[in-house]
Structures are given as C-alpha cells and as structure tokens.
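The sequence and the model are shown first.

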Amino acid sequence: MYFKVSKRQFYNVLSVTARAISAYSPLPAFSGIKIVAENDSLTLTGSDSDISIQTSLKTGQENYTLQILDNGSIVIESRYILEIVRKIDAEELEFEVMDGSLTKISGNTAE
C-alpha cells in the first residue's frame with residue numbers, strides 16, 4: 001500500500017473515524033483504524049463492536065490531494081496515527097506499507 005494525501009483533509013477524516021473507537025476496547029483490532037487504499041479512493045473505518053464509522057476520500061477532488069500509487073490495507077492504532085499525523089509538519093503526507101507490517105509515514109523532512 002502506498003498513497004499520498006493532503007495532511008489537513010486526512011487528519012479531519014481520521015478524527016471523525018476515531019470517534020467510534022473506545023479507549024477500553026476488549027479486542028486489539030477495535031482500537032485501530034482500518035485504512036484501505038483502492039484504485040480511486042481511501043476508506044477509513046473505526047469500530048468498537050457497537051458502532052462503526054466509515055469515511056472516505058476520493059481522488060480528483062478540488063479541495064485536497066490524494067494519489068493512490070499502490071492498493072492495500074492496514075489497521076493502525078488510532079491514538080498513534082492521530083498523534084503522528086497531527087505532529088508532522090507538512091502539507092502532504094506519504095504512507096507506505098513495507099513487508100506487510102512496517103508502515104512508513106513521511107512528509108517534508110519528517111519520517
């Protein structure tokens with residue numbers, strides 16, 4: 001999985017999706033956000049077994065940048081991904097999943 005996305009818009013959809021996740025989840029999968037990069041869209045899903053929130057970004061929109069360079073999916077701990085995205089000082093972020101489990105998030109000089 002490899003995609004480039006505008007930081008501000010991605011953080012907004014992450015924040016909305018994270019509202020469905022409970023701080024005291026019984027299962028580790030319910031404390032993460034599932035990110036799916038497909039041909040022309042990026043879909044984020046959060047759930048706590050009672051409710052689920054799914055948001056998406058589409059390529060070709062005027063108010064943000066999204067480029068899907070390689071399809072794939074991953075579940076990332078919601079509190080970590082929110083903090084990382086919030087703290088990276090860049091207008092555009094790059095996400096790359098290497099070896100199936102190692103995720104590289106970069107922007108400008110931060111990696």
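In the hairpin that joins β3 and β4, four residues lie between the strands, and S49 adopts a positive phi near 80°. Helices (H or I, at least four residues) and strands (E, at least two) are DSSP runs numbered from the N terminus. The model is predicted: local features need pLDDT of at least 70 and side-chain atom pairs count only at pLDDT 80 or more, while totals for chains, interfaces and linings use all residues. Residues are numbered from 1 along each chain as its sequence is written, and side-chain values use heavy atoms, with hydrogens and water left out.

**Sheet**

Two strands are taken to pair if DSSP finds at least two bridges between them. The pairing of β3 with β4 is antiparallel and extends over seven bridges. Two residue pairs from this region are tabulated below.

**Helices and chain order**

The chain holds two helices and eight strands. Read from the N terminus, its elements follow the order β-α-β-β-β-β-β-α-β-β.

**Nonpolar core**

A nonpolar core is a set of buried Ala, Val, Leu, Ile, Met, Phe, Trp, Tyr and Cys residues joined through side-chain atoms within 4.5 Å. Buried means under 20% relative accessible area, exposed over 50%, and partly exposed in between (1.4 Å probe, protein chains only). The largest nonpolar core has 28 residues, of which F3, F10, I35, L42 and F95 touch the most other members. Elements giving two or more residues to this core include β1 (2-6), α1 (7-18), β2 (32-38), β3 (41-47) and β7 (92-98). With four residues, α1 gives the most to this core.

Contact means heavy atoms within 4.5 Å. Apart from neighbours within four places in sequence, L42 is in contact with F3, F10, I35, V36, A37, T55, S56, L57, L66 and I68.

**Strand β8**

S106 lies in β8 (residues 102-106) and is buried, with a relative accessible area of 10%. Not counting residues up to four places away in sequence, S106 touches E92, L93, E94 and E111.

**Whole chain**

Buried residues account for 39% of the 111 residues. Of the contacts between residues at least 6 apart in sequence, 63% join residues at least 24 apart. Along its principal axes, the C-alpha trace spans about 35 × 25 × 25 Å.
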